[in-house]
Amino acid sequence: MRYNEKELQALSRQPAELAAELGMRGPKKGSVVKRRLVKLVVNFLFYFRTDEAEVGRREGGPRAGVGELGSPDGPPIRLVCPQPVGALLLEHCRVTQEEPSGFSISFIEDPERKYHFECYSEEQCLEWMGALRRASYEFMRRSLIFYRNEIQKMTGKDPLEQFGISEEARFQLSGLKA
Amino acid sequence: MKLNERSVAHYALSNSPADHRGFLRTWGGPGTPPTPSGTGRRCWFVLKGNLLFSFESREARAPLGLVVLEGCTVELAEAPVPEEFAFTICFNAPGVRPYLLAADGPAAQEAWVKVLSRASFGYMRLVVRELENQLRDARQSLALHRHSSWKAGTSSCKTQPPDQLSRGLENGHTLSRDYSPMGLVEAGGSRPAGRNLAECELQGAASLLGRGQSPVSPETSCFSTLHDWYGQEILELRRGWRQRARGSQLKCEQQDKP
């Protein structure tokens, strides 16, 4: 499937819903945990290298794109090499708690193939899980349809009329599937 | 850069609702010459959320390409583009080439431009948040109405002057005069005489909404979440009424003393 990597790279530089350094392990058998800078932007989860030496060397260079990230208690992480190692589209994903401070992401077509993430606390783990579950377009669509229906029942008015999108197929109640 | 392509392709082909689909002629994009040449390639396009997939044909079993519709603007293509019913998808990011696409007719062109312009995650999130607020307002109005009719039976000691319920009424919903048996309503806003009540309401609803609990969540059983959601409101209201009843009783006693 063809796609423009630059589009995704540009997206990865947008403000994140959540960003933190986490331990990450790929789905392949025998893969090891690596420290990654994980960044949730819209319905994509980007992960970057956290090579400290690399960061120190290139800081201040002409093509440096610097961003401040990191957990509130930890040191700020300056990201100067902004290309992600990879991205995960979060549609049709399942987020599961694996340990008190760890969760996994898998996808509907192969639920046993899991990407594992290690957090520094259960609190951080739950925070990420909640954010990831809400991070899909499908989730928002279902929420929108629900709210629209509730408001219509309570007020008798269609709240989407003001946006001029009440007729769009994607917002119809019939679009809700189990 | 790695991407979970297999999952992306699966999503493209899944029966999740498509926001739009149709045939479009395409130039630009990876693997094609930088300037439009020839009549372009006719592909089947499917828009799901902020993802525009292209397929060789309607029956294709795998997507040909993907365009992520974030940080872009969609516009009708202008001359000197010779193509009829053409439009472009331009990205703000440097180094990302625009896409040139052409529909089969003016109606299709207009429909595509409209739906692609609203495809971003941010737009969807805005609409959802707006509806969240509207639902919260509608529920507050309903609760206040219920509270007012309840209160009509109790003692009428005024405790505080009404404040503006600023957040709740920004969307143009004003409480109707029907809700003002105690003279609580002023133009544009009102607050029940008991401060705690409105705050509990806001906190109760906000905390549920803030936790991201949409009742239509795949993990929770729909009905029990809904039950808790509406039950919470009742519990908070009861707590508020009892507090107020105690409070206003005390106040009345104090006022009666010289």
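Tutor: First, two strands pair if DSSP finds at least two bridges between them; helices (H or I, at least four residues) and strands (E, at least two) are DSSP runs, numbered from the N terminus. This is a predicted model, where local features need pLDDT of at least 70 and side-chain atom pairs 80 or more, while totals for chains, interfaces and linings use all residues. Residues are numbered from 1 along each chain as written, chains are lettered from A and ligands numbered from 1 in written order, and side-chain values use heavy atoms, without hydrogens or water.

Start with β7(B), residues 86-91. It pairs antiparallel with β6(B) (residues 72-76) over 5 bridges, with Cys72(B) opposite Phe91(B). β7(B) also runs antiparallel to β8(B) (residues 99-102), joined by 4 bridges, and here Thr88(B) faces Leu100(B).

Now for chain A. Overall, 63 residues of chain B touch 61 of chain A (heavy atoms within 4.5 Å). About 5800 Å² is buried between the chains, 65% of it from carbon and sulfur atoms (accessible area, 1.4 Å probe, lost on being put together, summed over both). On chain B, Met1(B), Phe121(B) and Met124(B) lose the most, together 14% of what that side buries.

There are 2 salt bridges between the chains (a Lys or Arg side-chain nitrogen within 4 Å of an Asp or Glu carboxyl oxygen). One of them links Asp19(B) to Arg141(A), closest N and O atoms 2.8 Å apart. Elements giving two or more residues to chain B's side include β1 (2-3), α1 (5-13) and α5 (222-256), but α3(B) gives the most, with 14 residues.

How values were computed: Buried area = accessible area lost by both parts, 1.4 Å probe.
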